[in-house]
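The sequence and structure are shown first.

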Amino acid sequence: MTVRRIFLRRDTAANFASTNPVLSEGEPAFDTTNQILKVGDGVTAWNSLSQFQGPAGQDGADGQDGQDGLSETIESYTTVNLPYNAPLGTIAFDTTYNCPVYFKYGKWYKVSDNTEVADRVIEVYLFSGQSNAGGTGVNSNLSNFTQLDGVGTLADTRSHILISNNYATTNQTPSSLAIGNYQGTTHGLEVSFLDGIDHVRSRKQMMVKYTQGGAAISTWSKANSNTETSSGTDNNWDKTIASIDNVNSWASTNGYTLDWKGFIWWQGESDAGTASSTHQTALEALISNIRSYLSKPELAVCLVQVDNRSADDSIGTNSVRVSAINTIRQAQIDTAQADAYVELIDTDPYIDDFAWQASNDPNVWHGVHWASDAHVPIGYDTATRMDDILEDNLGWTMPQTLIWLDASDSSTVTHSATATQKVSEWRDKSGNGHHVTQSTGWKQYVYNLTPLNNLNTMQADTNRVMRSTTPNPGNFRDVYIVSRWDGGTAFAWEALFTGGVHNNANQGIQGQGSSQRLYYNNPFYDDVVFNGSAHTITDNILTSMTDPFIINVRANSQVAVDGFAVTGDRSLAGREWKGIVAEILVFNTKLSDDDRYGVEGYLAHKWGLQGNLPSNHIYKTTAP
């Protein structure tokens, strides 16, 4: 016989929900997803229809009681008072955010969404070297140093700045930077460095300082240390590492996480006379070993350049240059140029500002050591450069100029509408308003007659000169000029740039009589750099000037004159430069070597003169 089967209407929950059918009165349908049955009433759609079920049965017997839970009250804190030394995973209640928080690796986080509420990470810098790193300042004059923002002094307790001084064999507990509890007997650049770095970075800042006076770099040798081999000596490497370990231990005990950011090194006087390559090898090994110990392969490093002065009498009334230290200075330059994360802190700009003081001054610079006041700008410079490395912000920018005349910028040039384009005004781009003018037509430059690298220039010749009576007085300590000599095989006192329009006692750059030399007259300039290489007054450079060139003249002290003349000798007639002038940059300070290289590189690549730069110039192939 034939067997007939009756099947209930059935579908998935998704399909029922999507179609939402109205079942006929008494029509059953089965949800295969949730295993439930619904019976229609002819009116209610599926989604609103109750599932089919019989009456409730009797309650079952009660189950066995579970174990009682633990009862514990968590501690409450405001955000700023959350403990530094909490064990990993500690739970607390933050009354500022009104929520529970937990502690992990130096930071507190909200339990609800893991967002950070308090940061216990400290950015740390290691500072080491010999006596100049130790410094010459004492606690009694700490209050004389003003903060960068001019509010208060560095004597103020700064809870977010910590210092750990470690002299010789003493490891000291980190503390805030204040007169009352400042560690050690003297201070150096760390005072203004910590102030400067604190102004540009948001986290708590700390410095670990270990110095040893009169010590050669070889005493920081890891290879010869007791750390490396039990047969080694307990040298400055061991003591530097002990200083690092001491602070790491302190941080662990007090619930901080240390983020080692940088290494500052100020040393080299004791290695005077050592071959540059030998010192560079030792310096690079030290940097590599420090990075390895801290597990920071790209640790930022600032090298404070050693000073090449020394005393030449017992009371320090003069100073002389020590050539033996120049190999160490060169090693520092070469180390910085070879490593993208190493920068040189040029101290030369401060040599003349912080040289000799009275012999009875407790802060006297006495042949090797900088006076304590000098550590302030050096520390700020180091902080700025350190932050530049950390933020990958090492692009060169033009320093503030006193005078900037740029012939390629036609918006700064006022000239006639005639084909000769006679120039009546050449405006200063520095913003200081030191424009040069010439109202007499036959004494005016011709504009755009002889371009250089497809850029406009000024054509000077007999009688053609431009002058300014400002600044009054000026301070022309560092001057850079792009020019060319078209006047033949000998000079006849032709002047390229002179000061003292109303003061014939001061001169500048001009030919030396009928010889083939330029004359750089005192009290104007102490150093001359021609196409990136050092020159002296005795050098015959006329033959090199018949092609476009860059000349830089620099003074160690203020050059105070009234106004200046371009392509003319002060207010004297008949001594005008013959040739083109493209650009003039004047600074009222003697630039650091880094900035000098930058200005030379800028001018060379702009005017197509990079081929003139020496092969080892940092901007030989690439513009700054």
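## The second largest pocket

Helix α6 gives the largest share of the lining of the second largest pocket, namely 6 residues. Helices and strands here are DSSP runs numbered from the N terminus (helices H or I, at least four residues; strands E, at least two). This is a predicted model, in which local features need pLDDT of at least 70 and side-chain atom pairs count only at pLDDT 80 or more, while totals for chains, interfaces and linings use all residues. Residues are numbered from 1 along each chain as its sequence is written, and side-chain values use heavy atoms, with hydrogens and water left out.

The second largest pocket holds about 860 Å³ of space. Its lining has 35 residues, of which Arg329, Asp348, Asp593, Arg596 and Tyr597 are the closest to its centre. A pocket is an open set of points on a 1 Å grid over the protein atoms alone, where a 1.4 Å probe fits and protein lies on both sides within 12 Å along at least five of seven lines; lining residues have an atom within 4 Å of a point. The volume is the space filled by probe spheres set on the points, and grid points are joined across faces, edges and corners. Elements that each supply at least two lining residues are α6, β29 (527-530), β30 (533-535) and α8. By class, the lining divides into 10 nonpolar, 13 polar and 12 charged residues; Ala, Val, Leu, Ile, Met, Phe, Trp, Tyr, Cys and Pro count as nonpolar, Asp, Glu, Lys and Arg as charged, and the others, Gly among them, as polar.

## The largest pocket

About 1100 Å³ of space lies in the largest pocket. It is lined by 35 residues, and those closest to its centre are Arg385, Trp396, Ser592, Asp594 and Asp595. At least two lining residues come from each of α6 (326-338), β17 (342-345), α7 (375-390) and α8 (593-607). The lining is made up of 16 nonpolar, 7 polar and 12 charged residues.

## Salt bridges

The model has 23 salt bridges, each defined as a side-chain nitrogen of Lys or Arg within 4 Å of a carboxyl oxygen of Asp or Glu. One of them joins Arg201 to Asp387, with the closest N and O atoms 2.8 Å apart. Arg201 lies in the loop between α3 (190-200) and β12 (204-211) and Asp387 in helix α7, so this pair ties together parts 186 residues apart in sequence. Arg201 is buried at 13% relative accessible area, and Asp387 is buried at 12%. Buried means under 20%, exposed over 50% and partly exposed in between (1.4 Å probe, protein chains only).

Asp594 and Arg385 form a salt bridge at 3.1 Å, N to O. Asp594 in helix α8 and Arg385 in helix α7 are 209 residues apart. Asp594 is partly exposed, with a relative accessible area of 22%, and Arg385 is likewise partly exposed at 22%.

A salt bridge also joins Glu583 and Lys606 (3.0 Å, N to O). Glu583 is in strand β33 (residues 579-587) and Lys606 in helix α8, so the pair ties together parts 23 residues apart in sequence. Both Glu583 and Lys606 are buried. Through shared partners, salt bridges join Asp406, Asp409, Lys429, Glu583 and Lys606 into one network.

## A loop residue

Thr420 lies in the loop between β19 (413-415) and β20 (423-426). Thr420 is partly exposed, with a relative accessible area of 40%.
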